[in-house]
Amino acid sequence: MTDATPASLAERVRDGEIRFHELEEHADADIAAAARRRLVSETADADIDVLGEYAFDAADAHGSNVENMIGAVQVPLGVAGPVAVDGGALDGERYLPLATTEGALVASINRGCSVVNDAGGATARVTKSGMTRAPVFRVADVAEAEALVSWVRDNEAALREAAESTTSHGELLDVTPYVVGNNVFLRFRYDTKDAMGMNMVTIATREACDAIEAETDASLVALSGNLCSDKKPAAINAVEGRGRSVSADVEIPREVVEERLHTAPESIAEINTRKNLIGSAKAGGLGFNAHVANAVAAMFLATGQDEAQVVEGANAITTAEATPEGDLYLSVSIASLEVGTVGGGTKLPTQAAGLDVLGVRGGGDPAGSNGDALAEAIAVGALAGELSLLAALGSRHLSSAHSDLGR
Ligand SMILES: CC(C)(COP(=O)([O-])OP(=O)([O-])OC[C@H]1O[C@@H](n2cnc3c(N)ncnc32)[C@H](O)[C@@H]1OP(=O)([O-])[O-])[C@@H](O)C(=O)NCCC(=O)NCCSC(=O)C[C@@](C)(O)CC(=O)[O-]
Ligand SMILES: NC(=O)C1=CN([C@@H]2O[C@H](COP(=O)(O)OP(=O)(O)OC[C@H]3O[C@@H](n4cnc5c(N)ncnc54)[C@H](OP(=O)(O)O)[C@@H]3O)[C@@H](O)[C@H]2O)C=CC1
């Protein structure tokens, strides 16, 4: 682009000649990042050169994944498995990629996968799908609120046409109104196929809002009214779902539980009831599970998902029962798992490689099948993690595992 060097660019920023966040207009993205590293390093009075060791072209990330880039953070990547999955979209044996810094986590999920295999594999299904955006409108009073709700019910086809004019993949599934005095929230829900879909549905909903403002007396206050609900703990996602609702289960013979996990089905079932159900209820929690967030976060990082959405991904219920035959039935149901195999961070090379480990990179055939397969893989990882941790609590191995592997 130019013959600018990190040193010369940094100098021009110091002189007030160019702005810190506009360096890419004066040099290629890697040089710009190096110039920023110099400036940050001076202010911090620290050697941060290690942040410049990254495996992608800065130009691929700048503008669509990050601003003010100075480098990259590396997170160790492990794998658990391969684990056998009988899914609606994912079938066969897969290694699960897990990016984490928590020692013992991969070992635990790996143990869970190995025991799931001994039991013949896990079953997984996506049972509901739909990404939401819920704008908030101001109306005069509750009479006008009711009029808006009626208008929306009568004009869903027009809203669909407006919204879908912005995307070739997204489909508007429904619009659910919620009235609070002179506030009307409209929760738009879309099939976003293989995309996680937040950009897609935000753009599409904006178009629908324009149609509503043109045809009614309502005024748009905010395109996101928090009833969506994105990146915040919220019961609506736990109840209604958001992104994919996905479940996985396994039935494990008693002797496998005893030999491989050093505990008994009844013990795991009791711990699940007293800890995951009663303990979480008493705590006022939304997550009735032990550590589903661990598998979700590690697989989100490994596959280029939006890490802030681990909040919703932790809306999961684990159930465990000793069957009449004395075996263990275990399930995990994640209500709101927001995942994609196209868009967002999925295109960065190391994250795309994470998707390749699972065989779900890019658009699926049919569209949406790769997104479903990724959700099923994460649900099976969560199931394996729940199994291993509940067993470690049953055999009283949690603290020794973490002193051996985690410090
Ligand atoms: C650590 C284990 C697995 C040992 O478990 P073990 O049964 O003593 O280990 P083992 O040596 O007999 O090996 C059994 C299997 O574990 C796996 N395994 C064993 N070691 C490794 C290793 N180094 N690397 C990879 N895989 C390993 C491997 O699959 C192996 O089978 P194999 O392949 O040998 O046939 C077990 O004690 C365990 O899983 N503990 C639970 C740890 C755990 O789940 N931690 C999760 C994080 S805790 C947290 O973040 C949340 C929390 C706890 O606060 C939430 C809450 O409130 O509940
Ligand atoms: N805007 C916001 O409010 C928020 C944004 N985000 C960010 O949004 C990003 C994710 O948004 P998202 O819309 O998923 O990604 P992108 O904005 O990257 O868009 C993905 C696009 O890929 C196209 N596409 C190609 N093949 C497929 C396929 N098989 N299935 C579905 N779409 C396909 C679609 O284009 P087309 O629509 O033309 O068909 C789709 O809109 C992340 O970076 C996330 O961090 C997160 C939270 C909020």
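Helix 7, spanning residues 198–215, gives the largest share of the shell around ligand 2, namely four residues. Keep in mind as you look that this is a predicted model.

Let's start with the shell itself. Ligand 2 is surrounded by 21 residues, and the closest are R133, T167, H169, G197 and D306. Sorted by class, the shell holds 10 polar, six charged and five nonpolar residues.

Now zoom in on some side chains. In T167, an N or O atom of the side chain is 2.6 Å from an oxygen atom of ligand 2. For D306, the distance from a side-chain N or O atom to an oxygen atom of the ligand is 2.7 Å. On its own, ligand 2 has 930 Å² of accessible area, and the protein covers 71% of that.

Next, step back to the surroundings. Ligand 2 sits in the largest pocket, whose volume is about 1400 Å³. This pocket is lined by 46 residues, and those closest to its centre are G304, E307, G345, L348 and Q351. The lining is made up of 22 nonpolar, 17 polar and seven charged residues.

Which helices each supply at least two residues of that lining? They are helix 7, helix 11 (292–303) and helix 13 (349–358).

Conventions
Residues are numbered from 1 along each chain as its sequence is written. Chains are lettered from A and ligands numbered from 1 in the order in which they are written. This is a predicted model: local features need pLDDT of at least 70, side-chain atom pairs count only at pLDDT 80 or more; totals for chains, interfaces and linings use all residues. Side-chain values use heavy atoms; hydrogens and water are left out. A residue is near a molecule or strand if one of its heavy atoms lies within 4 Å of it. A polar contact is a pair of N or O atoms within 3.5 Å; within protein, one must be able to donate a hydrogen and the other to accept it, and residues adjacent in sequence count only if both atoms are side-chain atoms. Accessible areas come from the Shrake-Rupley method with a 1.4 Å probe; for residues, only the protein chains shown count as cover. On a 1 Å grid over the protein atoms alone, a cavity is a set of points where a 1.4 Å probe fits but cannot get out, and a pocket is an open set with protein on both sides within 12 Å along at least five of seven lines; lining residues have an atom within 4 Å of a point. A molecule sits in a cavity or pocket if more than half of its atoms lie within 2 Å of its grid points. Ala, Val, Leu, Ile, Met, Phe, Trp, Tyr, Cys and Pro count as nonpolar, Asp, Glu, Lys and Arg as charged, and the others, Gly among them, as polar. Grid points are joined across faces, edges and corners, and a volume is the space filled by probe spheres set on the points.
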